[in-house]
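This report goes through a few local features of one protein. Please look at the sequence and the structure before reading on.

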Amino acid sequence: MSTPPLTLWRGARLATMCPGAPWGLIDDGALLVEGDTLRWVGAEHALPPALARQAEHDISLDGALVTPGLIDCHTHLVYGGHRATEFELRLQGASYDEIARAGGGIRSTVTATRVATDALLYKLAAQRARTLMAEGVTTIEIKSGYGLSAEHEARCLRVARRLGRELPLTVRCTSLGAHAVPHEYTGRPDDYIDAVCDWLTMQHGEGLVDAVDAFCDHIAFTPAQTRRIFEAARRLGLPIKLHAEQLSNQHGAALAAEFGALSADHLEHLDDAGIAAMAKAGTVAVLLPGAFYFLRETRLPPTPELRAAGVPIAIASDHNPGSSPGLSLLLMLNMACTLFRMTPEEALAGVTVHAAQALGLAQTHGRLQAGRQADFVVWDLAAPNELAYWFGRNPCRRIVRAGVEIEST
Ligand code: NIG
Ligand code: FE
């Protein structure tokens, strides 16, 4: 059996995100890539000469910064239409809750998604994915949640799976049928939850689901309804995530932690008991500064308390047409620092090592470390704290995903 060719990338400033030094920094670093895997990572002078000799390609980076491929661990990328008119209404004083209760919000995107063809949904989602990828994103999570029927939820998940097959991108698919009550179930949310649990079995049977999510809030589903979704996920052996404590405190994060959730996301209204439960369960806190900013929220997530409790914190775009239409994960790094008072190093951990954990990819992604998938980004930057500093500029120079350089997105 022939071994795949080895490529040596040398002369790099590696922010490995491995424990030990701040940023896991290695100056004059080298990466040896074998097939889709990092074979060796370290200081160039320590590279065994026998290994170096095996390299078929030798690429020098002249001191450029290299990080793991970025991971956007919370997106709603597949949908039709947009909600710019609702944005205008909110600017004139209407609240996000009022618009949702009046039948706008998620439900209006459901209408636009149901009438869109598969080809259009794919085209729109692929454009969005490519915009994220241009800034060094090599892994994304994509949620359903704008179909809200057996047929349309499955259609959206198939579009997400297709993105993972056709783009040089690792895609994790999350089923979010419990995003809102569709109009045909108005006044019957418990019947709707029964239906969502049935669909999950079908979606899982078709290999469309990597995790299950729900929106637990006063304008969405109750903790009791959320629990039923989690029980269905558990019966199928699927990991769970939760939109929790975004607009009110429903104690959703503690419920998610009880089920060993990969993550609880948003968390502006999280309390101490929720933080303690997440810390105990190893549940990642996914903070979403784009939604906080775009909804002009004022209540901050409890960053210092999460930090003090040792809860891993991830950052994501939450890209969706209602609360976060942004497509720049680098801007989210900047906002995580300016709005949520994270450090630039915490912010980068939030889109690498902790984002990997939030997707159940803690052993294979998120760090520059031998044995992991060879996903990395070469930046036109000298220091890693610049990643959170610049905004409105794309300093991404080269992207390698699963050992293959991406030519252009
Ligand atoms: O993550 N909070 C629930 N879901 C989305 C927003 C959905 C929408 O407004 O379309 C979020 O912010
Ligand atoms: Fe979301």
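Which side chain makes a polar contact with the side chain of Asp210? The partner is the side chain of Arg161, at 3.0 Å. The model behind this report is a predicted one.

Asp210 sits in the loop that runs between helix H7 (189-205) and strand S9 (211-216). Its relative accessible area is 17%, so Asp210 is buried, the cut-off being under 20%.

Apart from neighbours within four places in sequence, Asp210 is in contact with Arg161, Val171, Arg172, Cys173, Leu238 and Pro239.

His76 and Asp318 link distant parts of the chain, 242 residues apart. His76 belongs to the loop between strand S6 (70-72) and helix H2 (84-91), and Asp318 to the loop between strand S13 (313-315) and helix H13 (329-338).

In helix H10 (residues 272-281), the buried residues are Gly274, Ile275 and Met278. These residues lie on the same side of H10 because they cover an arc of only 100° around the axis. Exposed residues Asp272, Ala273 and Lys280 are carried on the face turned away from the buried side.

The cover over the buried residues of H10 includes helix H9 (252-258), strand S11 (263-266), strand S12 (284-287) and helix H12 (303-309). After H10 comes Gly282, which has a positive phi, near 70°.

## Salt bridges

How many salt bridges does a search of the whole structure find? The search finds 19. One of them joins Glu44 and Arg10, with the closest N and O atoms 2.6 Å apart. Glu44 is in the loop between strand S3 (37-43) and helix H1 (49-54), while Arg10 is in strand S1 (residues 6-15), so the pair ties together parts 34 residues apart in sequence. Glu44 is partly exposed at 23%, and Arg10 is partly exposed at 25%.

Another salt bridge is formed by Asp194 and Arg228, whose closest N and O atoms are 2.2 Å apart. Asp194 lies in helix H7 and Arg228 in helix H8 (residues 223-236), so this pair also ties together parts that are 34 residues apart in sequence. Glu405 and Arg398 meet in a salt bridge of 2.8 Å, N to O. Salt bridges with shared partners join Arg10, Glu44 and Asp58 into one network.

Definitions and conventions:
Residues numbered from 1 in each chain as written. Chains lettered and ligands numbered in written order. Predicted model: local features only at pLDDT ≥ 70, side-chain atom pairs only at ≥ 80, totals over all residues. Heavy atoms only, no water. Helix = DSSP H or I, 4+ residues; strand = E, 2+ residues; numbered from the N terminus. Buried < 20%, exposed > 50% of the residue type's maximum accessible area, 1.4 Å probe, protein only. Polar contact = N/O pair within 3.5 Å; in protein donor to acceptor, adjacent residues only side chain to side chain. Contact = heavy atoms within 4.5 Å. Arc of directions from axis to C-beta. Salt bridge = Lys/Arg side-chain N within 4 Å of Asp/Glu carboxyl O.
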